[in-house]
Amino acid sequence: MTVERTFVAIKPDGVQRGLIGEILIRFEHKGFKLIGLKQLVPTRELAEKHYGVHRERPFFSGLVDFITSGPVVAMVWEGDGVISSARKLIGATKPLEAEPGTIRGDLAINIGRNVIHGSDGPDTAAFEISLWFNSEELSEWTPSDQSWRVES
Ligand code: DAT
Ligand code: MG
């Protein structure tokens, strides 16, 4: 497995519903390493770039309205296989189809209010990390229990 980084964001519904701690703990307990964390209200420009791939979809303007409607908690997580593993922790896009045990499966019912975003592949992860974070906002560090988490 390769060490990867992925971009994860708790959307405004997750923040408004008081789910920040509940979501952070799932990534911490899984064993991934937190590299960057901040709360911000995204500008329309940032949101439109972030969801640029969906620009032509009918839900695009509503999605941008929603994601800019309040604070978002933006994160970078690092670890072996973290990009696809984060997507598994997050669950299916449609919360009613997301498995119990996943974040969306446990915490959401509405596709337009599905609580959390996670990058869907290596190129998207690199693009989204550089879109949301400056390099000085990212911490290089070694957890003291690192040898217990990763293959040596
Ligand atoms: P994901 O967030 O699982 O990567 P996506 O990239 O296909 O899903 O879509 C981005 C977000 O857009 C998704 O989290 C919620 C919203 N969305 C997707 N499909 C939608 C639809 N059919 N109606 C309303 N919102 C939708
Ligand atoms: Mg997506």
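Q: How much space lies in the second largest pocket?
A: Start with the general idea. Rolling a probe the size of a water molecule over the atoms shows where empty space is left. In this predicted model, the second largest pocket holds about 250 Å³ of space.

Q: Which residues line the second largest pocket?
A: Its lining consists of V3, K30, G31, F32, K33, E78, G79, D80, S85, Q146, R149 and V150.

Q: How does the lining of the second largest pocket divide into nonpolar, polar and charged residues?
A: Three residues of this lining are nonpolar, four are polar and five are charged.

Q: Take one residue of that lining, K30. What does K30 touch, leaving out residues up to four places away in sequence?
A: K30 is in helix 2. On that count, K30 touches S85 and L89. K30 and L89 are 59 residues apart along the chain, and their C-alpha atoms are separated by 9.1 Å. S85 also belongs to the pocket lining, together with K30.

Q: How much space lies in the largest pocket, and how many residues line it?
A: The largest pocket holds about 600 Å³ of space. Its lining counts 26 residues. Nearest its centre lie Y51, H54, F59, L63 and T93.

Q: Which elements each supply at least two residues of the lining of the largest pocket?
A: They are helix 3, helix 4 (60–67), strand 4 and helix 7 (122–132). By class, the lining of the largest pocket has seven nonpolar, 11 polar and eight charged residues.

Q: Which residues line the largest cavity?
A: F7, A9, A47, H50, Y51, I67, V72, H117 and W132 do. Strand 1 and helix 3 (44–50) are the elements that give two or more residues to this lining. Seven of the lining residues are nonpolar, two are polar and none is charged.

Q: How many bridges join strand 2 to strand 3, and how many join strand 1 to strand 3?
A: Seven bridges join strand 2 to strand 3 (residues 72–80). Eight bridges join strand 1 to strand 3. Both pairs run antiparallel.

Q: Which residues of strand 3 stand opposite K33, G36 and E4?
A: Take them one by one. K33 stands opposite E78. G36 stands opposite V76. E4 stands opposite G79.

Q: Why is strand 3 described as largely enclosed by the rest of the structure?
A: Buried means under 20% relative accessible area. Eight of the nine residues of strand 3 are buried, so the strand is largely enclosed by the rest of the structure.

Q: Now the loops. Is T68 buried or exposed?
A: T68 is in the loop between helix 4 and strand 3. T68 is buried, because its relative accessible area is 19% and the cut-off is under 20%. Not counting residues up to four places away in sequence, T68 touches V41, P42, T43, R44 and A47.

Q: What is the phi of V115?
A: Most residues other than glycine have a negative phi. V115 has a positive phi of about 75 degrees although it is not a glycine. V115 is in the loop between helix 6 (103–107) and strand 4. V115 is buried, with a relative accessible area of 0%.

Definitions and conventions: Residues are numbered from 1 along each chain as its sequence is written. Chains are lettered from A and ligands numbered from 1 in the order in which they are written. This is a predicted model: local features need pLDDT of at least 70, side-chain atom pairs count only at pLDDT 80 or more; totals for chains, interfaces and linings use all residues. Side-chain values use heavy atoms; hydrogens and water are left out. Two strands pair if DSSP finds at least two bridges between them. Helices (H or I, at least four residues) and strands (E, at least two) are DSSP runs, numbered from the N terminus. On a 1 Å grid over the protein atoms alone, a cavity is a set of points where a 1.4 Å probe fits but cannot get out, and a pocket is an open set with protein on both sides within 12 Å along at least five of seven lines; lining residues have an atom within 4 Å of a point. Ala, Val, Leu, Ile, Met, Phe, Trp, Tyr, Cys and Pro count as nonpolar, Asp, Glu, Lys and Arg as charged, and the others, Gly among them, as polar. Contact means heavy atoms within 4.5 Å. Grid points are joined across faces, edges and corners, and a volume is the space filled by probe spheres set on the points. Buried means under 20% relative accessible area, exposed over 50%, partly exposed in between (1.4 Å probe, protein chains only).
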